[in-house]
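Please look at it before reading on.

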Amino acid sequence: MKKIFLTRLTLLFLICIGLTNCTDPYKMETNTFEDALVVEATITNILQKQTIKVSRTYRFEDFGPTFEENADVFVTDSDGIEYPFVQSNNVYTSVNEFQAVPGKQYQLTVITSDGKKYTSTKEILPTDSPLEEVTANVATIDNVTGVEIRAKSYNPNGSSQYYRFEYEETYKIVAPKWITTKAFFSGPNPNQPILTMLPRTEEARTCYSTDKSLEIIQLNTNETAEDRVDFPVRFISNQNYIMSHRYSILVRQYVQNAHAYNYYKALKKLAGSGGNILSPNQPGFLIGNIKSVNNSSEKVIGFFDVSPVSSKRIFFNYADLFPDKPLPPYKVNCTELSQKYCFSTLDPSCNGPSVVGYINTNVMVIYKFDEAPIYILTPAPCGDCTTFSSNVIPSFWE
Amino acid sequence: MKKILLALFILAYSQAAFSQEKQKLSLELNNSDVPTALNKIEATSGYKFYFDNSWLENYKNIRITKNFNQASLDEILTEIFSNTDLNFFVDKNTVILTNNSIIYSKLADNYFGETTTRKSDEVVIQGDPVFYQQYDDATSGDSKNNSVSLIGKEAKVSGRKTFELSGYIKNTKNGEPIANVIIKTPNNEATAMTDDTGHYSIQLPSGLNVVEVESFTHKKVTRKIMMYNNGTLNLNITENITLLEEVNVRGKKREGAKAAIAGVTSIDIKDLKNVPTVLGERDILKIATTIPGIKSAGEGSSGVNVRGGKEDQNLFLLDNATLYNPAHFFGLFSAINPYTIDKADIYKGSIPAEFGGRLSSVFDISTKKGNTTKFSGEGGIGPVTSNLMVTTPIVKEKSSLLVGGRATYSDWILKSLNEPSLKNSQANFFDIITKYNHKINDNNDIQATFYYSRDAFSITSDSLYKYSNRLATLRWNHNFNEKHKGALILTNSEYKFNIDFDKAESQRAFNYGYKIDETQAQLKFNYDYNKKHTFNYGISSKLYGVNPGFLDPIGENSKLVSVALDKQKGLESALYIADNFKFNDKLSFNIGLRYSVFAALGASNQRIYEDGLPKSNETVAEIQTFGNNEVVKTYGGFEPRLAIKYAFTDDFSIKAGYDKTYQYMHLLSSNTTQSPTDVWKLSDINVKPQDAQQISLGAYKTFKDEMYEVSLEGYYKRMNNILDYKVGAEIMLNKNIETELLQGEGKAYGVELLLKKTAGKLNGWIGYTYSRTLIKLDSPFDVEKVNNGAFFAANFDKPHDFSAVLNYKFTKRYSLSMNFIYQTGRPITYPVGKYQFGNAEYTLYSDRNAFRIPDYYRMDIGINIEGNHKIKKLAHSFWNISVYNVLGRNNPYSVYFVTENGQVKGYKTSIFSIPVPTITYNFRF
């Protein structure tokens, strides 16, 4: 439904009549920057060291957030028990393992190093409806064939209703033009080095990448007859290289209360380009459940959510779901480039300086060298997966 | 004529003796007309007649059949002229005929005295005959219109001080009577107004009078009238399309002189052509937005904001029926065919008691009456649209039919483009209107109007948006007597839209739609109680049916489930009475009282939420069920409309007003501006009606014979329960929309200055407004607060607004028009930073509307070239060449921000960033 409101320029055909682009990138002003505290906290029903992220807003030209250092962070429950958190690696982790239990109220307090105090409203743990199953099936959606990952759960009491999902997908990568050797440069002149092909010392053919879900994925079962979840969390096109070999996905299901659900939903809506081009959605500041104690009009971003969580991991192989089908195209187009490794200024076919540049900057690697000084080069990801992934086998991999 | 009369005067003056010979004549007249009769007399006697043939033109139809046997010439001529205004004077064998005047045998005592220099509009001494001296004075002056109408047959014994002048005022072009034309003497001692049949009657002092005839839609006419007796003067007045010095927008000044209403503007549709156009279309709404106090959110926005009111607070009436969406194509064109419109009255304050249901304004648009005498028409051919209006008599002088239509051929333009993404898109609209008039007799007439407009456009190749307006009116006007008139009006309006998303074999293919329908019965009465009091009263009742949304899957592959929201029903009724009370020449009042009541009707399920908690799915206390037509909830209240006017002098007056309005329906739009897919929602248990109160004060002054007009108006307005939304609200197909709504208060104030020059080679107007509109959305609950519960600028708050519309007429055929608009940039909610949350990057927004987009300014120019002015010509035509946005200003319409691949990006939309030239050919026949 939303897609159709993602209006593009076409509407303005009449106005533009091909003469001018009516929608232009707009240079953001930055002198308008507002500094605000950002809290991302979900306390779960799993007995573990709970984590809370506390950061600050940042300017458009900056690359990432600044973490709020040296804050005093703790959660108190309705029995008066305080769970302190300590800073470690840009997150605040609880000193002790603890879990949220039904029937108790929890409240988050953050006191920043400059003494400002922020508290959340008191939250309770919603009824759990554990994730029962995660499935992977071949499906065709809007003429695209691929794999649909569905999460399934069922609460016969109908009391959960609001769900949020996260996933982490891990996939095996095999570099299609990997060879056992690798180019090394040596010699006195770094501009005209001697090229030697030596055996690789590290794994570079098989790698494992892990990506986290970026979008907010939600479902509510309010309008359905049963509190039953059978929800497509992820769809992967069969043209996506990530499932070329073996693929694993960990789906995490959070049960939310209505307030938290609505906060995440509105956050997602605001991030999209809802509305149509002539009347965009009204944006605004979205208030969560955390407020400043000292200054009630101060903007505080984020939500303190107390949520039952359950997760399931599945694995599948491309060949099992798509037997006898060709593999999806690789991440990059593995073209081959023939180069002559020599440095004579008289011979125009000499590409020595280019080859040195390509290899030193990790843009290309050598694929064939049996006709030296003619070398066949290929883009680096095709011959060495560590250029974009990790050769460490994840502990859960099976 | 003048010379003949002067000669007559000299003749009369020089005659020493005024004896009449008593010659007896015998004469047989058998169905003879006047000239024949006179010829016969000449033939049978020695008399010679002197007269102007043109006088007899008026009496062509007089036939005399009589035998005179040895009758005196006196007797015969008295008989012949008995039904005419002709007098005669016999001097020996010479008979001098005079039109109106009697030739007296002696002069008035004061003929050579000082009194002869008195002004022509002063009253002559009672009972004294009217002499030509006055006439000389009047006609020898440097007057624009030299013709003098001689009224009544002078009686030697009249002796009366005043006489009644009555008659009909009609349109020269089609012979239609024109109502609401003011006939008055320049000093306003005597005024009259035509009724619906065009009839007027005015008491004028005997002797020479100057009478001004003025209407909002026609050119002012000044006539010199010699009153000899009671008489009739029928006038044809011209809309005169060739007269470019005409004013484009006329304040209802003369009505203002009678009524006390402030804040009303009339647009004369015929003069729209003097304003540069967009894509060749003459547009009433575009003109309206150049009037102080009326603004649009920007090019490409369908709605207008009147004095700080939201887009949904304007009542658009087309021949009394509600027009829900007055815009085609996102507001780039207005949905009303300008060729079929007679006039538009816009009330931005002091809304008369007969109107109700919207808070901020009434656009009362009436269509032309068809021509009852001959077939005629008008049309225009432009680059995007073409337009045609024809009218024809059905029963001559009694009934007529008018048909107007308009359509675009922009699809064709699209198809011819090379850009593939545009080739599959479409955008087209059309509208048709028909009006039938039937005059049953002098006291009864019937009008029927039907209107339909439809828009379709696709913005992606797989979605199609459609919306349509339909309305029908049936009106019966009845005169109980000269003073008491009534009308029964039945109307029906429908607005609906559809979105078809039909991607081939998609699992998400659907058809989404919305519909609102209203049927109204209305009785209106007008009672001229006496010179001081005129009463308007009436009753109306309107039934709404809303189909608030449905979604049906399309095709076998669609996996969507049908959704249909419950229908909503409501009945809105009102009773009103207003007294136009003229206390004396200086002080007048308009006291109106309206009582309106709204009942939300079942069948319906209504949620009752727990007290003291925000409305949400979690705070439902109970669900109440109502049967069909069961009253769910009623709201109502008095809406006083008070206005007072005090005229210090004839050309300077002040007016003040207070009015209260209720609105029982709301337009749901979570966007910053109005779009055709916004839906109307009726009030119910959880959504309260909106109300507003406005006080206004204005001062009005004219200079140089009303050539210049200056007005300064100020207003202050408070609104309650105006609708807004929680941030990120989901409105489409929301069964429990009240959980997303916020109702807050608004305040608006402003000062509006308008300078107009209504005549001369250069004419036009300049308007400036300073205004603010502020909204407050406060609540005990944080989720229902915006900007922490403080007042903030509304989306359409543009404090400075300047517009100038000017015409310069070089010759009768060539004129240049220009308009210039400057507005403060619209407020926006600006991203003020980014933050990371759940692996992605999000935007932090400022307080609502804390920033503004850059100021808006634009200049357009247009040239009108008239066809030649031969009267006997098949069609009258003119060309209009205009350039929109001459300065090529890239006015940002909106600025918005999206998160793409975890990165925040800003985009700016502008509608016309380059000059857009158009040429249009217009014709009428």
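What follows is a set of questions and answers on this predicted model.

Q: What scores does the model carry?
A: The ipTM is 0.85 and the pTM is 0.72.

Q: How do you know how confident the predictor is in chain B?
A: pLDDT gives the confidence in each residue, from 0 to 100. In chain B its mean is 79, and 79% of the residues reach 70 or more. Residues 1-21 of chain B have pLDDT below 50, with twelve contacts beyond near neighbours in sequence. Residues 103-146 of chain B are also below 50, and that stretch has 53 such contacts. Where pLDDT is low, the coordinates should not be read in detail.

Q: What makes strand 11 and strand 18 of chain A edge strands?
A: Three strands of chain A form an open sheet in the order 11-12-18, with antiparallel pairing. Strand 11 (131-141) and strand 18 (227-237) each have a single partner strand, so one side of each has no neighbour in the sheet. The twist averages 25 degrees from one strand to the next.

Q: How do you know that strand 12 and strand 18 of chain A pair?
A: Pairing takes at least two bridges found by DSSP. Strand 12 (residues 144-155) of chain A has ten bridges to strand 18 of chain A, so the two count as paired. They run antiparallel. One bridge partner of note is Arg228(A) in strand 18, which faces Tyr154(A).

Q: Why are strand 25 and strand 26 of chain A said to stand at the edges?
A: Another open sheet of three strands in chain A has the order 25-27-26, again with antiparallel pairing. Strand 25 (337-340) and strand 26 (364-371) each have a single partner strand, so one side of each is left without a neighbour. Neighbouring strands here are turned by 35 degrees against each other on average, direction ignored.

Q: What joins strand 25 to strand 27 in chain A?
A: Four bridges join strand 25 to strand 27 (residues 374-379), and the two run antiparallel. The cut-off is at least two bridges, so they pair. Lys340(A) stands opposite Ile374(A) in strand 27.

Q: Which helix packs on this sheet?
A: Helix 5 (residues 352-360) of chain A does, touching strand 25, strand 26 and strand 27. Its direction makes about 130 degrees with that of strand 26.

Q: What share of chain B is called buried?
A: A buried residue has 20 or more other C-beta atoms within 10 Å of its own. Of the 925 residues in chain B, 45% are buried. Chain B holds nine helices and 58 strands.

Definitions and conventions: Residues are numbered from 1 along each chain as its sequence is written. Chains are lettered from A and ligands numbered from 1 in the order in which they are written. This is a predicted model: local features need pLDDT of at least 70, side-chain atom pairs count only at pLDDT 80 or more; totals for chains, interfaces and linings use all residues. Two residues are in contact if their C-beta atoms, placed from the backbone, lie within 7 Å. Axes are lines fitted to C-alpha atoms, for helices over the stretch in contact, and angles run from 0 to 180 degrees between N-to-C directions. A residue is buried if 20 or more other C-beta atoms lie within 10 Å of its own, exposed if 12 or fewer, and partly exposed in between; C-beta atoms are placed from the backbone.
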